[in-house]
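Please consult the sequence and the structure while reading.

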Amino acid sequence: MINESNGGASSPQELETFIPADQRNREQIVRKFTLTRDEEAGEFDPFEERNLENPTSNMDTLTHLLKASLGTGILAMPKAFKSAGLVSGIFFTILVAVVCTHCAYVLVKCAHVLYKKTKKTKMSFPEVAESALNNGPQWARPWANSFRIFILVSLFATYFGTCSVYTVLAATNISQVVLHYFPEQKEVLGIRLFILALLLPLIFMAWIRNLKYLAPVSMIANLFMGVGLGITFYYLVGTGEWDFNKVSAVKPPVEWPEFFSLTIFAMEAIGVVMPLENAMKTPRSMLGFCGVLNKGMSGVTLVYILLGFLGYLRYGDAVQDSINHNLDQDHIQAQIVQIAIAIAVYCTFGLQFFVCVDIMWNCIKDKFTKRPDLADYMMRTIMVTACVMLAIAVPTIAPFMGVIGAFCFSLLGLIAPAFIEMITFSEIGYGPYNYLVWKNILVLLFGLFALVFGTKDAVISIIDVYRK
């Protein structure tokens, strides 16, 4: 007898009466009935269905996010304030932080919408891009695969190059301290030898396969970066005098592009956002007013403002590209800063390299089904070796990465999330007065500004390096 009031669906108790006793299985019937009702109601919950072997906690994710955003780029903030001015620098830093955080927020929000549409429990950044177009307007669907490949290649190129730059940075900081005590060995102990010495430690770092186990490494990186920044703050506050007459409150607008170029690419961490969300035990906690993303970026923004403000106020127009170079290198405290930053950069390598490994493994894993673990370790070893060899071949790789970073981070971190949101919400709606459209137009303009002027500054840096 069918219960008409339930739209033709019977209750589990009614269904049992039509099934022979030897075939009755109340648990299976209830589960099957519930699943059918949920599917009819569209109540697929991707987070309940997500099955992770070693999920990360909110604190683990926050630690990784801090490490990804609080990189060596923070040391250039005093120079950035030099290009904006003391007062303008504060407001512009907040503006950049809000835009970058919002774009990362948008990417995760769109992913959560697309999980339910596609019945998937997690996606990478390229998969979110492809899924948005596949489930969007008819005109966008033929471009879905091309968009995914573009995001994939841009992410890999940016983070692989960044890891090579990190290798050079760590080696440079160590070499400066060593050669301070052994100046006669300068001709023998070149920078390439220090880079090569990092190969084995970096391979061991890359062998950590799970973000859960990388969390303590990120904690160590945060600790050493904190030591380096703490000593730097001591120099800025506890030594010398502040002279407000040698700094500008507001610089001419013609100098502002350099500020945005330095700050955007120092703060931007769009590549690690989706891997972090995919590994979370409670993915919903990434979003929200007091979510992991907002908490992490709020702390990062405060530190960026403090260092930029105090560094520019202390050294004025004499501030160098990296604030640690303004410290007296003959003092043991300055040398501790160098070593602490080197260790922090080394520990950060694993998190940044995780993006490259994730991309490469997803491309080749179907070919290594018999012994996947061995293939994974071999792939990681080969990739790290290639990364270090690139750093050895071109120790001046940083300016070249500036071009790739300016181009890719503007597209990946600002323009792409705005575009994905427009496509994802094309059927859902853009809100009252189409506010999402107007908001994303502003983000796109900001991204184009960063793209043009960031690339211009990076090209000028390359010319300066090779002119010298």
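The model is predicted: local features need pLDDT of at least 70, side-chain atom pairs count only at pLDDT 80 or more, and totals for chains, interfaces and linings use all residues. Residues are numbered from 1 along each chain as its sequence is written, and side-chain values use heavy atoms, with hydrogens and water left out.

**Second largest pocket**

- The second largest pocket holds about 850 Å³ of space (a volume is the space filled by probe spheres set on grid points, which are joined across faces, edges and corners).
- A pocket is an open set of points, on a 1 Å grid over the protein atoms alone, where a 1.4 Å probe fits, with protein on both sides within 12 Å along at least five of seven lines; lining residues have an atom within 4 Å of a point.
- Its lining comprises 23 residues, and Lys 122, Arg 209, Asn 210, Phe 354 and Asp 358 lie nearest the centre.
- Helices H13 (270–278), H15 (332–364) and H16 (372–393) each supply at least two lining residues (helices are DSSP runs of H or I, at least four residues, numbered from the N terminus).
- H15 gives the largest share of this lining, five residues.
- Nine nonpolar, six polar and eight charged residues make up the lining (Ala, Val, Leu, Ile, Met, Phe, Trp, Tyr, Cys and Pro count as nonpolar, Asp, Glu, Lys and Arg as charged, and the others, Gly among them, as polar).

**H15 with H16**

- H15 and H16 pack at about 125°, their axes 10 Å apart (axes are lines fitted to C-alpha atoms, for helices over the stretch in contact, and angles run from 0 to 180 degrees between N-to-C directions).
- The two helices are therefore oblique to each other (angles under 35 degrees count as roughly parallel, over 145 as roughly antiparallel, 65 to 115 as roughly perpendicular and the rest as oblique).
- The residues of this contact divide into 13 nonpolar, no polar and two charged.

**H5 with H6**

- Helix H5 (residues 77–84) packs against helix H6 (residues 86–118) at about 115°, with axes 7 Å apart; H5 and H6 are therefore roughly perpendicular.
- Met 77, Phe 81 and Ala 84 of H5 meet H6 residues including Leu 86, Ile 90 and Phe 92 (contact means heavy atoms within 4.5 Å).

**H6 with H18**

- The axes of H6 and helix H18 (residues 435–467) come within 12 Å and cross at roughly 120°.
- Lys 439, Val 443 and Phe 446 of H18 meet H6 residues, among them Leu 95, His 102 and Val 106.
- The contact of H6 with H18 has seven nonpolar, one polar and one charged residues.
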